[in-house]
Amino acid sequence: MTDDELIWRIAGGSGDGIDSTSQNFAKALMRSGLDIFTHRHYPSRIRGGHTYVEIRAAGHEVQSRGDGYNFLLALGDSFARNPKEEAVYGDEEIKPLSENLDELREGGVIVYDSGLLEEDDVAELNLEERAEENDWHVFPIDLRGMAKEHGREVMRNTAGVGVTAALLEMELDHIENLMTDAMSGDVLEANLSILRDAYEMAQEEYEFEHDVRAPTGEHDEEQVLVSGSNAIAYGALDEGCRFIAGYPMTPWTDVFTIMSQNLPKMGGISEQVEDEIAAAALAVGASHAGAKAMSGSSGGGFALMSEPLGLAEMTETPLVLVESMRAGPSTGMPTKPEQADLEHVLYTSQGDSQRVVFAPGNIEEAYDQTRMAFHVAYEYQIPTILIYDQKLSGENKNVDESFFDREPNPSLGSTLTEEELKEAAHEATGKFMRFQSDPDETENGVSPRSLPGQKGGRYLASGNEHWPSGHIAEDPDNRVLQMDRRKRKIESIRAELDEEHDSQQTYFGDDSADLGIITWGSQQGTVEEAVERLNDDGHSVKGIGVSDMMPFPEQEMTEFLESVDEALVVEMNASAQFRGLLQKELGRFGPKLTSMLKYNGNPFEPGEIVEGFEIRLGGDSAEPTAQVRFEPAAGD
Amino acid sequence: MSAFNAIGEEREIDRDEFTPGNEPQPTWCPGCGDFGVLKALKQALPEVGRNPEEVLTVTGIGCSGKLNSYLDSYGFHTIHGRSLPVARAAKLANPELEVVAAGGDGDGYGIGGNHFIHTARENHDMTYIVFNNEVFGLTKGQTSPTSPKGHKSKTQPSGSAKTPIRPLSQSLNAGAGYIARTAAVNPNQAKEIIKEAIEYDGFAHIDFLTQCPTWNKDAKQYVPYIDIQESDDYEHDINDRAEASQMMFETENKLYEGEVLTGRYYVDDESPSYQAEKQAIGEMPDEPLVERYFDEDYEWERSYDLLDRHK
Ligand SMILES: Cc1ncc(C[n+]2csc(CCOP(=O)(O)OP(=O)(O)O)c2C)c(N)n1
Ligand code: SF4
């Protein structure tokens, strides 16, 4: 655990402005030259209820939230202040302090709002004793009182930031600039003055005996702070997506909101509709008519999309869906991440149904793979699904601005123009052979489409099995030809992914290592950091973050597994779904695999993976301290 | 130059153009009312000047859902109950298409009931024809949402205890702009109503009574019907919501007693369509979205232009 990093946690009640305050502070740290990673924890409640945001800032690249943290700004929950006696949420007020202490590192700093947290409550926490034990530095400050003096109680956040800046020996300029960008008039004036007062007060009144300081760093170029949801929405926009239909469900709502706020300005269309069946069906309809379209949801809503998903496949309508996982089953834990919808997404919908599924492992991949999902959907006329989770959706990371400086790709893929339609095959009846099945003509399985309204392209798109012209047919020979052609698409996609693109899998660690860690989706950054640490500690470990779920990167995974003696498969679910996929697709390697599973609602921390590795593969026989479970694969 | 030259093409359109070449022949039972809808639609479309390539018919699943298998236009045969969301998105993406959705009473009022309410509420500019044969045809005669109370079928052996749905009233309450009922046994009226519905700027719902001689021999649809616009007994102002509502209520009661009233029940000449509303608030482009993908000069905005707020 390095101390050249700051992990600042701001804790309070949801609705207390924790989000906006932390967002601004994160940007200020980024502007000062640091790399940023943010992590958000919130309950499924609108007002009140304990919430925190963590900002990890360092002079080097950061891939995960890290282990624990070293600076707590505990604001108290202002919405919990007048609960009726014995109300369920009656003890919320103190939670921002009490609930967070366990993860505070040795030597850490605590600032709490003595104006909001009652002395009696604080006394019950044995704070002094614990502070002494852990060498914590505690600063009780009446932030609320200070804010009130300056006009409005909500500004205690700003007071907290001012105090933070002083205690970390930061300059105020970046924070002030950001405030000036975000506010104006009296509100801005009041905030600026409370910021400075709090800063000066802390400088004057306290001696800074703690070691936690803002690290220093430098960026070569302009940085932007973006979330996984931003990256997905932006990837879609750059790929020419101008139609979205959805129904709100956490955490997919983030992507839906970002798209809805931008599409109309860009001449696109966003529709909030009656349910998820409709949402996906609208995306199918818009895509059929020639727009680049997407929809999405989270587990429960995605369940409803199973039907339109199959319709898109049978009618070969390009369709991009995103599935943002949260803990299930059923409504589960709406605001907690889990990776337990993998099998649901891979196999839902009737028949020999096939789709393409990508699981991006970080924010840059979320952008790239969204673009890839559109490319594949429109070139191959097949549904593609981007599966990610609440963690990747909500975390923010700094990315070079130039990363987004890409050419747009508004191509509709395998779609003919009227000129091309003139030359294309038609049936004797005059209908366009939309679903041409001749293997010589459709080597990669794709039979180009026409769009309604085009001259010479008339056909029927049917969710029933059909002739090349689209008419419903149960002829056995035709059935086999059509089915084989649709299956060929998957093979061609795998071939294209293998040959024409850099691998979507991410490799890290020591290339020559005999021990490996495999993970997928949002855990990639955390595993990457753990692997780095293990190698620094003298182990020899290699890691891989897998993104292609379907079609599966059989060759790459075979090579990886052949190169190691044993591997840990890290994922956030209780049933080892990815490990199951790995074994199903490769049909061997079972004895080499051990799952490390976590499903308590919190993502892995790098330290937990380091510990897990040492227990299972590194010869340490201790019991794990984290809430994780090990499970050998079949054949072990 | 448009990428969709079939749209708005000015020429004489022969009715036969909507009839597929040599296959497939309809698989409907002899005497099925569905033939009436097909015929009326084939007549109406050329008369309103639409050619097969600018028409998109979107159907659900059922005997009725096969409509576009026997009609030569662009077609999308979707899944049970889901024709409306597919259809309305196609229309949003390319408002210049003539979009006609169709399906059975089970498809439209049962499994797709939620979409029906919301498509009507939003007043999407499209035509929706519901083949109302008071029964599930394709799955062999089970009770449907429009079957009369007491209707016996293999799945309701003691007779249905449910009151039938009121499609006209429901449509009016939901917000459809044009509501009519016609019948396969009344071809001229059917054609005229379909023409009006197509030309109507908003959600035009036609409850189309189609006899199912195979499973529903009891339906009252063979009795002489009365065209409410032609009859002196029924004078109602079709632009008046309250009067329309009253008429619908009576009609829906009398249908099961043997009196079949058809005609236009409600036409809202005032309210703009959903597309128009959406355009007015700046949430829909003036030009069809689809055209843009063929316009080589179009400057696509990029996410890069949005990054300022992330700095
Ligand atoms: C999701 C789903 N549920 C059930 C069916 C089976 N099914 C096919 S058609 C139909 C009912 C058709 O009745 P209706 O919509 O009234 O049309 P009709 O055949 O009478 O024209 C049903 C239940 C299906 N295809 N899909
Ligand atoms: S079962 Fe009824 S609705 Fe279906 S084709 Fe036969 S007569 Fe028509």
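In chain A, A:S14 sits in the loop that links β1 (5-13) to α1 (18-31); helices (H or I, at least four residues) and strands (E, at least two) are DSSP runs, numbered from the N terminus. The model is predicted, so local features need pLDDT of at least 70 and side-chain atom pairs count only at pLDDT 80 or more, while totals for chains, interfaces and linings use all residues. Residues are numbered from 1 along each chain as its sequence is written, chains are lettered from A and ligands numbered from 1 in the order in which they are written, and side-chain values use heavy atoms, with hydrogens and water left out.

A:S14 counts as buried because its relative accessibility is 10%; buried means under 20% relative accessible area, exposed over 50%, and partly exposed in between (1.4 Å probe, protein chains only). The C-alpha atoms of A:S14 and A:F79 are 8.3 Å apart in space, although 65 residues separate the two in sequence.

**The two chains**

Chain A contains 22 helices and 22 strands, and chain B contains eight helices and eight strands. The table sets out further values for each chain. Accessible areas come from the Shrake-Rupley method with a 1.4 Å probe, and for residues only the protein chains shown count as cover.

| Property | Chain A | Chain B |
|---|---|---|
| Box of C-alpha atoms along the principal axes | roughly 90 × 60 × 55 Å | about 70 × 45 × 40 Å |
| Buried residues | 64% of 636 residues | 61% of 311 residues |
| Accessible surface | about 22900 Å² | about 12500 Å² |
| Share of surface from carbon and sulfur atoms | 43% | 47% |

A contact means heavy atoms within 4.5 Å. Of the contacts in chain A with a separation of 6 or more, 79% are between residues 24 or more positions apart. In chain B, 72% of the contacts between residues at least 6 apart in sequence join residues at least 24 apart.

A nonpolar core is a set of buried Ala, Val, Leu, Ile, Met, Phe, Trp, Tyr and Cys residues joined through side-chain atoms within 4.5 Å. The largest one has 148 residues, and A:I518 and A:F578 have the most contacts inside it. Helix α15 (residues 363-380) of chain A gives this core its largest share, 10 residues. Apart from it lies another core of 50 residues, including A:L143, A:L172, A:M179 and A:L225.

Not counting residues up to four places away in sequence, A:I518 touches, among others, A:I544, A:F560, A:F578 and A:L582. Both A:F578 and A:L582 are among the buried residues of α21(A). This helix (residues 577-586) is mostly covered, with seven of its 10 residues buried. Among the seven are also A:Q577, A:R579 and A:Q583. Just after α21(A), A:G587 takes a positive phi of about 70°.

**The surroundings of ligand 2**

Ligand 2 is surrounded by B:W28, B:C29, B:C32, B:C63, B:N133, B:C212, B:P213, B:T214 and B:W215, a residue being near a molecule if one of its heavy atoms lies within 4 Å of it. This shell comprises seven nonpolar residues, two polar and no charged. Ala, Val, Leu, Ile, Met, Phe, Trp, Tyr, Cys and Pro count as nonpolar, Asp, Glu, Lys and Arg as charged, and the others, Gly among them, as polar.
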